[in-house]
Amino acid sequence: MALLQNHIAVVTGAGSGIGRAIAIGYAREGARVVALDIDRDAAEETAALVTADGGGAAAFVLDVSRREDCNAIAKRIGEEVGQVSILVNNAGIVRRNGMLGEADAVVKDWEDVIGTNLTGVFNVTQAFLAPLRASKGRIVNIGSIQSFVHVRTPSSPAYTASKHGVLGFTRALAAELGKEGIRVNAIGPGFIATPLNAQARATNPELVKAFMDHTPLGRPGTAEDMVGPAIFLASDLSAYVTGAIVMADGGYRAV
Ligand code: NAP
């Protein structure tokens, strides 16, 4: 039997990169997928890709930083799609101003990045708590190498703080929700070639080299490389795993 048969999986930021790959991968394992993204067309494109692949999918526009919208979409999905049993908190943005950058730009980076990458994870999790409790569901949060360290490639303090926060939130939720039968884990991607870093890859070969020099597998990851860990953490294969982060970083954190 497919690993995610009879599940309904919500994926945020599913219109691109890692989220899109996970949505397609989950559908191949039998889940009905709900693609959420700030970009409606992108979410719908992901749903169309899933459908063309023989899977079941729905798409809705959602900005995860808007708490009321998260609550409204959770209600709508409950009515129109069914009881969600898997939540992937994937939506994220990156900014590259250091703390010594122009003050207004640094403040904007902080508000945008924390609002999406951390408060967004809180908002969506809270919005879907009722169906996740009822289904003894699974939550998969997308962390980073920067859940542990800062990388000077450059990256903003906001991004590093947000991803440290995602790991802390993962552990806190795992502790509180374990008795409810909900498992909460994270994935820690390394340097993954997606639209998120397309410009940096195109204009900054030293950045890519710095990462690859530190990556035992010696290549950037692909969005598809994240799918196996995401299936593992959402399925019964990981029935006794909670509060963990699975690094999918080509070995970056090992050296
Ligand atoms: P991506 O290709 O840019 O995809 C992210 C998606 O999320 C985009 O469709 C984006 O829309 C959407 N999004 C942005 N803000 C949103 C919001 N407020 N509400 C809903 N959707 C929103 O990036 P990715 O590389 O797949 O990244 C996915 C996750 O992996 C992020 O959490 C990221 O921090 C994490 N991650 C990535 C890497 C990497 O090397 N790529 C490494 C570690 C962790 P727009 O395109 O319109 O902004």
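Strand β5, helix α6 (residues 157–177) and strand β6 together form a right-handed β-α-β unit, where right-handed means that, with the strands pointing away from the viewer, the path from the first strand over the helix to the second runs clockwise. Helices (H or I, at least four residues) and strands (E, at least two) are DSSP runs, numbered from the N terminus. The model is a predicted one, in which local features need pLDDT of at least 70 and side-chain atom pairs count only at pLDDT 80 or more, while totals for chains, interfaces and linings use all residues. Residues are numbered from 1 along each chain as its sequence is written, and side-chain values use heavy atoms, with hydrogens and water left out.

Strand β5 is mostly covered, 5 of its 5 residues being buried; here buried denotes under 20% relative accessible area, exposed over 50%, and partly exposed the range in between (1.4 Å probe, protein chains only). Arg 138, Val 140 and Ile 142 point one way from β5, whereas Ile 139 and Asn 141 point the other way, and all are buried. Pairing of two strands requires that DSSP finds at least two bridges between them. By this criterion β5 pairs with β4 in the parallel sense over 4 bridges, with Ile 139 of β5 as the bridge partner of Leu 87. The pairing of β5 with β6 is likewise parallel and extends over 5 bridges, and within β6 it is Ile 187 that stands opposite Ile 142.

Helix α9 (residues 227–234) is also mostly covered, with 6 of its 8 residues buried, namely Val 227, Pro 229, Ala 230, Ile 231, Leu 233 and Ala 234. The cover over these buried residues includes helix α1 (17–28) together with the strands β4 (86–89), β5 (138–142), β6 (183–189) and β7 (245–248).

The ligand is surrounded by 27 residues, of which the closest are Ser 16, Ile 18, Asp 37, Tyr 159 and Thr 194; a residue is counted as near the ligand if one of its heavy atoms lies within 4 Å of it. Polar contacts, taken as pairs of N or O atoms within 3.5 Å (within protein, one atom must be able to donate a hydrogen and the other to accept it, and residues adjacent in sequence count only if both atoms are side-chain atoms), involve several of the protein's residues. A polar side-chain atom of Ser 16 is placed 2.6 Å from an oxygen atom of the ligand, and a polar side-chain atom of Tyr 159 is 2.7 Å from a ligand oxygen atom. Gly 190 contributes a backbone N or O atom at 3.4 Å from an oxygen atom of the ligand. Taken alone the ligand exposes 880 Å², of which the protein buries 87%; accessible areas come from the Shrake-Rupley method with a 1.4 Å probe, and for residues only the protein chains shown count as cover.

Leaving aside its neighbours within four places in sequence, Thr 215 is in contact (heavy atoms within 4.5 Å) with Asp 249, Gly 250 and Tyr 252. Positive phi values in residues other than glycine occur at Asn 6, near 70 degrees, and at Lys 136, near 50 degrees. Asn 6 lies in the segment before β1 (8–12) and counts as exposed at 71% relative accessibility, while Lys 136, in the loop between α5 (129–135) and β5, is exposed with a relative accessible area of 51%.
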